[in-house]
Amino acid sequence: MKAADHTPTRAPATLAQARHALRQGSAVVLPNPAPLTHVVAATTAAAVNQAKHRPIDQPVALWAHHPDTLGTLTGLWDLSPQTRMTALHLLAEEHLTVLLPVSARVTLPSWLDPAVKDDWMLLFGTRWRPLHPLLDDHPVLYVSSANLTGHPPAADTGEALAMFPPTVPVLHLTDPGHQRPQNGPQARRATTTVRVTPDGRLHLHRHGAQDQAHGRADDYLRRLHTRAACRPPR
């Protein structure tokens, strides 16, 4: 079988160009550090879904990266204070995608609606330092894996440029801080998704980059519990 051709057909966007596109309401494809894949983000959920060629009203994750946004969200979770700290750790330190229960006693802000389905909110927690200038412009961003429907997420700039049309800028940033693991490189994958129940239990909702090097799901979730207890979020 002939290998897919991921030769870039255009130059990637600069950080300034990506920031401008987001301000104009366009979706942009953004990189993440290894072993995560790229994501597509925008200031509206409709723009994210349009870039992915799927129904514009399909739920998407909210990018929970901004302190003000997180401050609002923590008051909306149906979780104990201790479990809220665990949830913040999973987002800020483990860089997971997290499903959290919505409290029935609060009124949700309208900007959260695209990330809520069946009383669960979907949050994406990765905050890579090279993206800070772009992220800090937008306390509210929506995000999803950088793929068209039916395709795997883009693992590098070349794949993203080949997959998305020129109307969707693709940002390229090097990852100088990534070190090759001793047991060899890990395949790039979308983030692991963990569901946190009101009683504080963790459930593996979707396998992904963070749990791929671990054994059974229960073993990985126990490690998450231990790390959350020992290292509260900064």
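The model is predicted, so local features need pLDDT of at least 70 and side-chain atom pairs count only at pLDDT 80 or more, whereas totals for chains, interfaces and linings use all residues. Residues are numbered from 1 along each chain as its sequence is written, and side-chain values use heavy atoms, with hydrogens and water left out.

N32 is found in the loop between β1 (28-30) and β2 (39-42); strands are DSSP runs of E with at least two residues, helices are runs of H or I with at least four, and both are numbered from the N terminus. N32 counts as buried because its relative accessibility is 3%, the classes being buried under 20% relative accessible area, exposed over 50% and partly exposed in between (1.4 Å probe, protein chains only). Neighbours within four places in sequence aside, the contacts of N32 (heavy atoms within 4.5 Å) are T37, H38, V39, F124, T126, W128 and R188.

The protein chain as a whole has seven helices and nine strands. Of its 234 residues, 48% count as buried. Among contacts between residues at least 6 apart in sequence, 65% join residues at least 24 apart.

Strand β6 (residues 120-124) has several pairing partners, where pairing requires at least two bridges found by DSSP. Strand β3 (residues 61-63) pairs with β6 in the parallel sense over two bridges, and L62 has L123 as its bridge partner. Strand β4 (residues 97-101) runs antiparallel to β6 and is joined to it by five bridges; here L99 stands opposite L122. Strand β5 (residues 116-117) is likewise antiparallel to β6, with two bridges, and V116 stands opposite M121. The hairpin of β5 and β6 has two residues between the strands, and D118 takes a positive phi near 55° there.

In soluble globular proteins, nonpolar side chains tend to be buried together. A nonpolar core is taken as a set of buried Ala, Val, Leu, Ile, Met, Phe, Trp, Tyr and Cys residues joined through side-chain atoms within 4.5 Å. The largest one has 44 residues, and those with the most contacts inside it are L73, W77, L100, M121 and L123. Apart from it lies another core of 17 residues, among them V39, W63, W128 and L135. Two of these, V39 and W128, are also in contact with N32.

In one of them, the closest N and O atoms of R19 and D137 are 2.9 Å apart. This pair links distant parts of the chain, 118 residues apart: R19 belongs to helix α1 (residues 15-23), and D137 to the loop between α5 (132-135) and β7 (142-145). R19 counts as partly exposed because its relative accessibility is 24%, and D137, at 29%, counts as partly exposed too. Another salt bridge joins R201 and D199 at 2.9 Å, N to O. In a further pair, D219 and R216, the closest N and O atoms are 3.9 Å apart. Salt bridges that share partners join R19, R23 and D137 into one network.

How values were computed: Salt bridge = Lys/Arg side-chain N within 4 Å of Asp/Glu carboxyl O.
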